[in-house]
Amino acid sequence: MGVQHGGAVGDRPLIPRPERTPGALRAACTVLAPGLLAAYDRAKDRALAEAVEHGSLKPVRAYPSHWAALIEIERHPATAQAYHRAEHLARIATTADGARTHPATAGSLYRDAAKAVHAE
């Protein structure tokens with residue numbers, strides 16, 4: 001899914017890094033990637049349901065970490081463009097090389113974003 005980023009120069013962040021709270025992450029998603037809001041809400045609902053079902057807070061802790069990494073990607077227009085391109089190419093890959101390379105690129109960008117978020 002492509003996400004439009006307007007008014008950015010280079011890969012400077014479009015907004016400050018949000019706190020890793022459900023409300024702050026959802027607000028950032030609203031600004032940066034409104035097309036992902038439904039997926040964000042489903043992930044939150046799924047995490048809460050799994051927490052209740054399994055009697056564990058692990059899902060409730062995992063979903064904000066995941067979404068903080070995704071929001072970190074979206075904060076940087078060039079990174080977001082590269083990430084979405086790699087994800088798209090991974091979905092349509094018709095060669096073994098493409099099936100390896102594009103997911104690896106997306107994964108590397110995601111891991112870098114997760115590290116940046118958790119390094120604070």
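**Entry 1: H4 against H5**

I started with H4 and helix H5 (residues 96-118), whose axes come within 8 Å and cross at roughly 150°. For my own reference, axes are lines fitted to C-alpha atoms, for helices over the stretch in contact, and angles run from 0 to 180 degrees between N-to-C directions. Helices are DSSP runs (H or I, at least four residues), numbered from the N terminus.

I noted the H4/H5 crossing as left-handed; that label applies if the near helix is turned anticlockwise from the far one by less than a right angle, with right-handed for clockwise. From H4, the contact (heavy atoms within 4.5 Å) takes in Thr79, Ala82, Tyr83, Ala86, Glu87, Leu89 and Ala90. H5 answers with His102, Pro103, Thr105, Ala106, Leu109 and Tyr110. Sorted by class, I get nine nonpolar, three polar and one charged for H4 with H5. Here Ala, Val, Leu, Ile, Met, Phe, Trp, Tyr, Cys and Pro count as nonpolar, Asp, Glu, Lys and Arg as charged, and the others, Gly among them, as polar.

**Entry 2: ground rules**

This is a predicted model, so I kept in mind that local features need pLDDT of at least 70 and side-chain atom pairs pLDDT 80 or more, while totals for chains, interfaces and linings use all residues. Residues are numbered from 1 along each chain as its sequence is written, and side-chain values use heavy atoms, with hydrogens and water left out.

**Entry 3: H3 against H4**

Next I looked up H3 and H4, whose axes come within 5 Å and cross at roughly 115°. They are therefore roughly perpendicular to each other (65 to 115 degrees; under 35 is roughly parallel, over 145 roughly antiparallel, the rest oblique). Leu70, Ile73, Glu74 and Arg75 of H3 touch Pro77, Thr79, Ala80, Tyr83 and His84 of H4. That contact has five nonpolar, two polar and two charged residues.

**Entry 4: H1 against H2**

I then took helix H1 (residues 22-32) and helix H2 (residues 37-54): the axes come within 9 Å and cross at roughly 160°. H1 and H2 are therefore roughly antiparallel to each other, and their crossing is right-handed. H1 puts in Pro22, Leu25, Arg26, Cys29 and Thr30, and H2 puts in Leu37, Tyr40 and Asp41. The tally for H1 with H2 is five nonpolar, one polar and two charged.

**Entry 5: the largest pocket**

What lines the largest pocket? I found ten residues, with Leu36, Leu70, Tyr83, His84 and Glu87 nearest its centre. A pocket is an open set of points on a 1 Å grid over the protein atoms alone, with protein on both sides within 12 Å along at least five of seven lines; a cavity is a set where a 1.4 Å probe fits but cannot get out, and lining residues have an atom within 4 Å of a point. H3 (58-75) and H4 (77-92) each supply at least two lining residues, and H3 has the largest share, four.

**Entry 6: the cavity**

I got one cavity of 30 Å³ or more, and the largest cavity holds about 40 Å³ of space. Among its lining residues I wrote down Arg17, Leu25, Ile71 and Glu120. H3 gives the most here, with three residues. The lining divides into five nonpolar, no polar and four charged.

Notes
Grid points are joined across faces, edges and corners, and a volume is the space filled by probe spheres set on the points.
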